[in-house]
Amino acid sequence: SIPGSKFSYLTPANTNGRAAFQGVDIEQQFLDGVRAFIVQVGANVIYDRNGNTVTKATMPIFCGGGDNLENAVKLIANGLATAQDKLGEKNHECAVVMITYAGNEEVYTNGREGGKERVWMDALEYKLNQLKSSTEYRVYTEEVLSTTTLKDVAGKIIFKVNTNSSVQNYYLDPNAKLPALFSRWN
């Protein structure tokens, strides 16, 4: 069992009193013992001229006051760093970030199928690859297996992506080697 918080980023400070689920920010939640964080995000994607390649993507947090997934992960990574400093080398603290689909306004162009869900998956693939390329985000990049231990993931963030439909996973590049577990949300 991993203690978690629902829609972890949504506090009165960043939602203007709308849809607030948590009373304190992510860093304080981590210090209070939360290790699983649900972050609901949309997608903004810029494609190349042909509409085939993502050249830039952001994943804004639903009702998050203009913030994005990258900033939330950074706050969780900071919480992990604080825990490691306080608890020392034998610390096996880790975090799980559950990413859920919040919808978006973009539609996929140039005749490619998938619409909004495809755009979201394109943004997700782009953003996860970006996050895993920088050590500051503490992303666990190995495959999670039944033999994976807390010692293996100590100081790292594990991503779990909740998809909404059976076709969403088919929009991912099968060779992408994304640092995430995928499961059907509903």
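## The sheet

Five strands make an open sheet, ordered S1-S2-S5-S6-S7, with parallel pairing. Strands here are DSSP runs of E with at least two residues, helices are runs of H or I with at least four, and both are numbered from the N terminus. Two strands pair if DSSP finds at least two bridges between them. The edges are strand S1 (4–5) and strand S7 (180–184), each of which pairs on one side only. This is a predicted model: local features need pLDDT of at least 70, side-chain atom pairs count only at pLDDT 80 or more, and totals for chains, interfaces and linings use all residues. Residues are numbered from 1 along each chain as its sequence is written, and side-chain values use heavy atoms, with hydrogens and water left out.

Strand S5 (residues 95–101) and strand S6 (residues 157–163) run parallel and are joined by six bridges. Val97 stands opposite Phe159 of S6. Thr100 has Asn162 as its bridge partner in S6. On the S7 side, S6 pairs in the parallel sense over five bridges. There, Asn162 stands opposite Ser183.

## Strand S6 and Phe159

S6 is largely enclosed by the rest of the structure, because six of its seven residues are buried. Buried means under 20% relative accessible area, exposed means over 50%, and partly exposed lies in between, with a 1.4 Å probe and protein chains only. Phe159 lies in this strand. Its relative accessibility is 0%, so Phe159 counts as buried.

What does Phe159 touch, not counting residues up to four places away in sequence? Its contacts are Val73, Val97, Ile99, Leu128, Leu131, Val139, Pro179, Ala180 and Leu181. Contact means heavy atoms within 4.5 Å. Ala36 is 123 residues from Phe159 along the chain, yet their C-alpha atoms are separated by 9.7 Å.

## The nonpolar core

The largest nonpolar core has 53 residues. Such a core is a set of buried Ala, Val, Leu, Ile, Met, Phe, Trp, Tyr and Cys residues joined through side-chain atoms within 4.5 Å. Ile99, Trp120, Ile157 and Phe159 have the most contacts inside it. At least two core residues come from each of helix H2 (26–31), S2, strand S3 (44–47), strand S4 (54–58), H3, S5, helix H4 (115–132) and S6. In soluble globular proteins, nonpolar side chains tend to be buried together.

## Helices H3 and H4

The axes of H3 and H4 come within 11 Å and cross at roughly 35°. Axes are lines fitted to C-alpha atoms, for helices over the stretch in contact, and angles run from 0 to 180 degrees between N-to-C directions. The crossing is right-handed, which means the near helix is turned clockwise from the far one by less than a right angle.

Leu69, Glu70 and Val73 of H3 meet Lys127, Gln130 and Leu131 of H4. By class, this contact has three nonpolar, one polar and two charged residues. Ala, Val, Leu, Ile, Met, Phe, Trp, Tyr, Cys and Pro count as nonpolar, Asp, Glu, Lys and Arg as charged, and the others, Gly among them, as polar.

## Loops with positive phi

Most residues other than glycine have a negative phi. Arg138 has a positive phi, near 55°. Arg138 is in the loop between H4 and helix H5 (150–153).

Lys177 also has a positive phi, near 50°. Lys177 sits in the loop between S6 and S7. Is Lys177 buried or exposed? Its relative accessibility is 72%, so Lys177 counts as exposed.
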